[in-house]
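Welcome! Here is a short briefing to read alongside the sequence and the 3D view.

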Amino acid sequence: MFDSEVLLPDLWDILGAVPVTLAMAVVIFVFSTIVGSLFAMIEYRRIPVLRELVVAYKVAFKGVPMVIVIFLAYYGLPPALQFLASLVGMEFNGHLTPNWVTLIVALTACVAAFQAEVVKGALNSFDTGQADAAYSLGYKRSQLFRRVMLPQVIVAAIPDLANSFMVIMKALSLGFAIEVVDIFAQSQLTAALNFYYLEAFLIAVVIYMVIAYIVTHGADRVEAALRART
């Protein structure tokens with residue numbers, strides 16, 4: 001039976017995981033967007049060799065389930081860090097690496113492949129005729145990119161970037177497999193104490209919906225403001 005009396009206590013318990021979840025999501029979003037943007041620029045400029053490597057990277061990380069990448073990072077990242085530290089003469093116990101760091105690295109690697117497609121699509125949407133007009137006015141390549149191209153690319157990418165953030169939020173629930181507690185994991189732990197699983201998961205759903213609304217509404221506001229300036 002549904003018990004509404006446990007909703008408020010469970011809500012306070014699950015809300016405790018929201019700041020950590022959002023912090024990890026923001027870090028993953030920022031780093032994956034930076035890496036993905038670099039990959040997109042390599043493809044956009046068709047840089048030899050590097051372009052083929054980027055394509056291979058995207059095929060690999062878009063095809064492999066995220067949970068497998070998380071486990072590969074869980075078992076492979078500590079010895080890899082320890083080996084790299086030994087190359088520079090440092091003593092470092094890679095097995096002391098926090099699980100949340102492993103999760104951030106793994107999801108950043110996965111999401112970067114998708115962010116590269118988002119930025120690449122935004123770059124391809126840019127009208128090359130504007131570039132020709134800018135060059136005719138004496139613009140340098142750096143000025144063209146900063147003043148003309150970048151503002152339009154950002155506006156074009158905002159909706160998909162907002163979606164990417166919510167994908168990251170949902171992907172963080174996979175971190176429970178390596179004992180990283182996010183909103184979903186906290187709802188499981190809370191329900192395990194009183195056996196009111198339906199109530200706990202409904203609270204988690206509401207929290208995710210609120211976050212999704214805030215992210216979507218904020219992205220729409222930013223996009224509208226930027227479009228008014230371009």
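In this predicted model, Met66, Val69, Ile70, Ala73, Tyr74 and Leu77 of helix H4 are in contact with residues of helix H5, namely Asn99, Thr102, Leu103, Val105, Ala106, Leu107, Cys110, Val111 and Phe114.

**How H4 and H5 pack**
- Two packed helices are described by the angle between their axes and by the distance between the axes.
- Helix H4 covers residues 66-87 and helix H5 covers residues 99-124; they pack at an angle of about 135°, and their axes are 9 Å apart.
- The two helices, H4 and H5, are therefore oblique to each other.
- The crossing in which H4 passes H5 is right-handed.

**A bend in H7**
- Helix H7 takes in residues 141-171, and its end C-alpha atoms are only 38 Å apart.
- For comparison, a straight helix of 31 residues would span 45 Å at 1.5 Å a residue.
- Look along H7 for a kink of about 45° at Met149.

**The chain as a whole**
- The chain has nine helices and zero strands.
- Read from the N terminus, its elements run α-α-α-α-α-α-α-α-α.
- Taken along the principal axes, the box filled by the C-alpha atoms of the chain is roughly 70 × 50 × 30 Å.

Note on methods
Residues numbered from 1 in each chain as written. Predicted model: local features only at pLDDT ≥ 70, side-chain atom pairs only at ≥ 80, totals over all residues. Heavy atoms only, no water. Axes fitted to C-alpha atoms, helices over the stretch in contact; angles between N-to-C directions. Helix = DSSP H or I, 4+ residues; strand = E, 2+ residues; numbered from the N terminus. Parallel < 35°, antiparallel > 145°, perpendicular 65-115°, else oblique. Left-handed = near helix turned anticlockwise from the far one by under 90°. Contact = heavy atoms within 4.5 Å. Expected span 1.5 Å × (residues − 1). Bend = angle between axes of the 7 residues up to and from the residue.
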